[in-house]
Amino acid sequence: NKDLFVLTYGALVAQLCKDYEKDEDVNKYLDKMGYSIGTRLVEDFLARSCVRRCHSYSEITDIIAQVAFKMYLGITPSVTCNNPSRTEFSLILDKNPLAEFVEELPAGRSSLCYCNLLCGIIRGALEMVHLAADVTFLQDRLKGDRVTEIGITFLKKLDEKKYRRKK
Amino acid sequence: MADEALFLLLHNEMVSGVYKSAEQGEVENGRCITKLENMGFRVGQGLIERFTKDTARFKDELDIMKFICKDFWTTVFKKQIDNLRTNHQGIYVLQDNKFRLLTQMSAGKQYLEHASKYLAFTCGLIRGGLSNLGIKSIVTAEVSSMPACKLNSHFLNV
């Protein structure tokens, strides 16, 4: 049941806000936690879904948005590509299930990235399939932006994959 | 739908995170268990509010415990409590023979000493649920052989 996960996440963030004074510390902790979860979640994901081998970063981002997000959070963010060399993408969520019960960020916590766990999860999962990426929040509804936007920047080039295909 | 896997992984990370930032020792262990239990308490309060929004009023305490064992446990852990015992004087023992948070850990006595860490959250969950139904209680857990566990709730109003 989604409620259990969402409420547990909320209790976790509340506890972290009590333990750490600085927003950056809470954000870092959530990211690290998400990373550990992502490295394990990717196995569960690959076992449940029947995704084919991907040949491009945009295919991977599509799968994250349309299969993974749908499977675990019940939503399908839309994907946009941010640069011509197709290594930077954005996932746009107009509804964020993790923040379903959050009305606004607590006072004095304006730079808290409430859903930073998600960034860590994506980063950890990608690393387990040998893809290095930077994942951060570009826009956050809880901070007043119109939508929530997660930016994924793939760091390693795809040269090795191209080489394999040429063979 | 958030899969069970996601909650399981988050719960395990929470336990290891709480223990990583604490030092060794009995006092610290108690403090970590309390932290996890308090998180479970908050979640239990919220969950019971959502689950009982449209249900009828509970007749008595036994009715409440039956709800926890059947509907609440099914929604949270996808199965019912296997055995409920009571002395009709405020002490209830819930037995789950295949507790979802322990099945992946071991099937026997291995890692028994760590089991209590993984039950603290659930004890809080029950205590929080009961608290929002008007019952003050103390909930503890016993594990003698994984993945079975016994949760003892002691009602304090009685």
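This is a predicted model: local features need pLDDT of at least 70, side-chain atom pairs count only at pLDDT 80 or more; totals for chains, interfaces and linings use all residues.
Residues are numbered from 1 along each chain as its sequence is written, and chains are lettered from A in the order in which they are written. Local features need pLDDT of at least 70, side-chain atom pairs count only at pLDDT 80 or more, totals for chains, interfaces and linings use all residues, and side-chain values use heavy atoms, with hydrogens and water left out.

Trainee: What is the mean pLDDT of chain A?

Mentor: pLDDT is the predictor's confidence in each residue, from 0 to 100. In chain A, 93% of the residues reach 70 or more, and the mean is 88.

Trainee: Over which residues of chain A is the pLDDT below 50?

Mentor: Look for a stretch that has two contacts in the model beyond near neighbours in sequence, a contact being heavy atoms within 4.5 Å. The stretch is residues 162–167.

Trainee: Is B:L125 buried or exposed?

Mentor: B:L125 lies in helix α4 (residues 115–132) of chain B; helices (H or I, at least four residues) and strands (E, at least two) are DSSP runs, numbered from the N terminus. Beyond four places in sequence, its contacts include B:G40, B:F41 and B:F72. Buried means under 20% relative accessible area, exposed over 50%, and partly exposed in between (1.4 Å probe, protein chains only). The relative accessible area of B:L125 is 1%, so B:L125 is buried.

Trainee: How many bridges join β2(B) to strand β4 of chain B?

Mentor: Two strands pair if DSSP finds at least two bridges between them. Strand β1 (residues 83–86) of chain B pairs with β2(B) in the antiparallel sense over four bridges. β2(B) and β4(B) (residues 148–155) also run antiparallel, and the bridges joining them number six.

Trainee: Why is strand β2 of chain B described as largely enclosed by the rest of the structure?

Mentor: Strand β2 covers residues 91–96 of chain B. It is largely enclosed because, of its six residues, the number buried is five.

Trainee: Which residues of chain B lose the most area to chain A?

Mentor: Buried area is the accessible area (1.4 Å probe) that two parts lose on being put together, summed over both. Between chain B and chain A this comes to about 2,500 Å², with 71% from carbon and sulfur atoms. Three residues together give 24% of what the chain B side buries: B:L6, B:L10 and B:E13.

Trainee: Which residue of chain B forms a salt bridge with A:D19?

Mentor: A salt bridge is a side-chain nitrogen of Lys or Arg within 4 Å of a carboxyl oxygen of Asp or Glu. The rule finds three across the interface of chain B and chain A. For A:D19, the closest N and O atoms are 3.3 Å apart, and the partner is B:K35.
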